[in-house]
Every structure is written in C-alpha cells, then in structure tokens.
Amino acid sequence: MPFAHITGWGMYVPEPVLTNNDLAKMVDTNDQWIRERTGIRERHIARETEFPSTLGVEAALKALAVANLAPTELDLIICTSSSPEYIFPATACLIQDQIGATKAGAFDIQAACTGFIFSVNMAAQAIRSGSIKNALVVGTEVLSRIINWTDRNTCILFGDGAGAFVLQASDKPGGVISAVMHSDGSGADALSLPGGGTRCPATEITVREGKHFVHMDGKEVFRFATRVMGHAVTEALESANMKLEDVACIVPHQANYRIIETAARYLKLPMDKFMVNVDRYGNTSTASIPIATVEALQNKRIRPGDKVVFVGFGGGLTWGAMTVEWTGPLPTPPTQKKKHIYPLQYRIFAKVRSLLLRILRRIEGLLSRKEL
Ligand code: UT7
C-alpha cells in the first residue's frame, strides 16, 4: 500500500491589512480588548478583484512549485472553504480551470474550519487506496464578504487567505499516518450562515435580517473548542501509536490564542510546541492550518523527519486531528531525468485553454442549434 506524503505547500494572503485600531473606528471595540480576548492584532482583507478561487490558485501554484509537480500531473483537487465562490459549481473546479489541471477530478468539501483536516485525510485515503497518485488540497477564504461589519462579536475575528498542500504517493514510509474526524450536528446553530441555502433562500427580508452573514454564539463555540481540541490530539496520536513526546510541532486551527492555551494546558505542553500566528491573520477558517504550517516550515519549526499534529474545530459542529511524519518533496528516481516545473507558466496555458474551450462550447452550441 502506498504512503501519502505531503510534498508541497503554499500560502497566499491578500495585501490589504485591517488592524484592531481600524476596527475600533468601525464598531465599539478596542485594540486591547481584541488582543486580550483573542490574541489577534490584524488580519488581511481581499481586494474587490480577489475571490476564493484566485487566492486558492496563488497558494496552489506555490505548493506545486515546492513539490516540483505540474498541474497536468494532478489526479485530484479538493477545495475546502467556508466562504465558497458559489453554492455550485465547486470552487475546486474554478481552481482546476485556472491552473490547467487537465486530468484532475475536482470537488469541494464543506466542514467549516475543520475542512482542511478532513480534506487532507480524504486525499490521503485516495492515495493510500492506490486509486490516485497526486492530489492538491486547497483551503481558501474570503470571509470578509460574509461578515457583518457592524457586529463586533464576529467582525473582529476573521481574515482572508488561502493555503494549499500537494500530496503524493510513495512506497517510502511516512506522510499522513493517522486522522480522526468527528461531527455533532446538534450544535449546528452555534456557528452558521443561515441564509442563501434552500432552507432560507435570499429574499429582501433575509437580507434585511442579516441572514447572509456569519452568526455565532462565541461562548458556546469557545466551550466546545476547548473541550474537543486536546482530546482529538490524544486520539490521533493513539491511533498512530505515537506519544506526545515524539511530536515536534502541533499546528492548531488559529481561532483564538486562549483556545490554543487551554489545549496546551489539557495536554500539559508548553505553548512553544504550538505554532501560533493568529495575531497576524485572525481566523482564516479552512486556510488557517496550511497557512500556519507554511510559516512553521519557513521558521524551521518543522523539519524533514519531524512528527507533526494538525488539530481543528469549527461549524457543523466538526472537529478532528491528524498526525503526519514530515518528508517534503519526493526525490527524483535515479532512472529519471530531473525536471524543472514552473507552475506559474501553466497559468497562462490554463487561461488560453479555458478561453478556447469556452469558444468551442459556443460554436458547438450554435451548430447543434442549427441541427435541431
Ligand atoms: O473557527 C471557529 C470560529 N469561532 C471561534 O473560535 C469563536 C470562539 N469564541 C471566542 O473566541 C470568544 O467567545 C469571543 C472572542 C468571540 C468573545 O470573547 P469572550 O471572552 O467570550 O467575550 P464575551 O462574549 O463573554 O463578552 C465579554 C464582554 C461583553 O460585555 P459585558 O456583557 O461583560 O458587559 C461583551 O459585550 O465583552 C463585550 N464584547 C466586546 N467588547 C469589546 C464582546 N465583543 C466585544 C468587542 N469589543 N469586539
């Protein structure tokens, strides 16, 4: 059975930054309150021309460059987002088109902030089963478009950004070792976007009532998160036959510094075992774990051979954890010539391809109309 290795990683955040002091001019809040209760100092906000797919493409191309893998070699793209571009089509299909992943099947997974762990697990399982070799997983968010900027309970928390992993099959042991996935739909009300689905379709009334914004019972989510995080880590470690002492770094979902502190206390670990960057990005939902992983790698908090744990929680309610033995890009087999992939060039190819396909579809439509 092949192993599923994480061989590429990338992140992207939009340039514009919104600080706590900027927020204090918009709602009744202040920098000290936000920092003390959440640990957040600033967050990035997408420009009008940026969308979950465009952010996701930036992160994906960086991940493919690290893995030295061409988009055309991908078999599968899974995108996970709490702020998808549309209900359908899947944001994964938009990313597939924009990077020119000509042979990849693409779909979205919805598990709110736990989505990245669930998606990496699904990609790893597809690789482990032998049905595919190369997968791309993207967590991408433009949460700023579904936030009520007059609600101080939520608008201080969230930020925009994207992160991506490439997963590849290899006979060498390592990569994703274990994962646990949990859900409790009885807590669905605690964190939701009530409007825009088929239970509450968009009307003037739903717009007026703010149903198209994120609704959250902050205290309830806080209690839930502190209850499940440490336990999920222990479960994933047990299933991997690993001990806490073996772990070099824990990368938690970045929602609130105090939630991570509570998990550290539960596990009796010092805070420096945890990668934390919520101060600079806020809660980027499905993108927070890959963004924090990329920074942990840049800061040498994760090195090849290290055992790493990802842990997340979010709307649904959902929560989960995953253990990974970090390897990095796969070496080129001695029998093969070393190739150099420049995935950015594929973006141009993808644009031309997409345009041609659209034109062909038009022509085909015109011709078949004549036939009818
Ligand atoms: O990916 C998962 C997404 N969600 C989460 O992770 C959210 C988890 N929950 C939390 O992080 C915290 O519950 C919050 C940060 C949302 C709130 O912190 P808290 O310590 O639970 O505050 P609170 O709601 O108990 O509010 C305490 C006080 C209240 O005033 P009173 O009633 O004590 O006078 C609030 O009205 O702070 C007030 N308050 C604020 N003050 C200044 C609430 N929001 C703000 C604010 N600025 N932004």
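Student: Which elements do the buried residues of H9 pack against?

Tutor: Happy to walk through that. This is a predicted model, in which local features need pLDDT of at least 70 and side-chain atom pairs count only at pLDDT 80 or more, while totals for chains, interfaces and linings use all residues. Residues are numbered from 1 along each chain as its sequence is written.

The buried residues of H9 pack against H8 and strand E11 (247-252); here contact is C-beta atoms, placed from the backbone, within 7 Å. Helices (H or I, at least four residues) and strands (E, at least two) are DSSP runs, numbered from the N terminus.

H9 spans residues 257-267, and its buried residues are Ile259, Ile260, Ala263, Ala264 and Leu267. Buried means that 20 or more other C-beta atoms, placed from the backbone, lie within 10 Å of a residue's own. Looking down the axis of H9, these buried residues fall within an arc of 140 degrees, so they line one face of the helix; the arc is taken from the directions from the helix axis to the C-beta atoms. An α-helix has 3.6 residues a turn, so residues three or four places apart point the same way. Just after H9, Lys268 has a positive phi of about 55 degrees.

Key
Buried ≥ 20, exposed ≤ 12 C-beta atoms within 10 Å, placed from the backbone. Contact = placed C-beta atoms within 7 Å.
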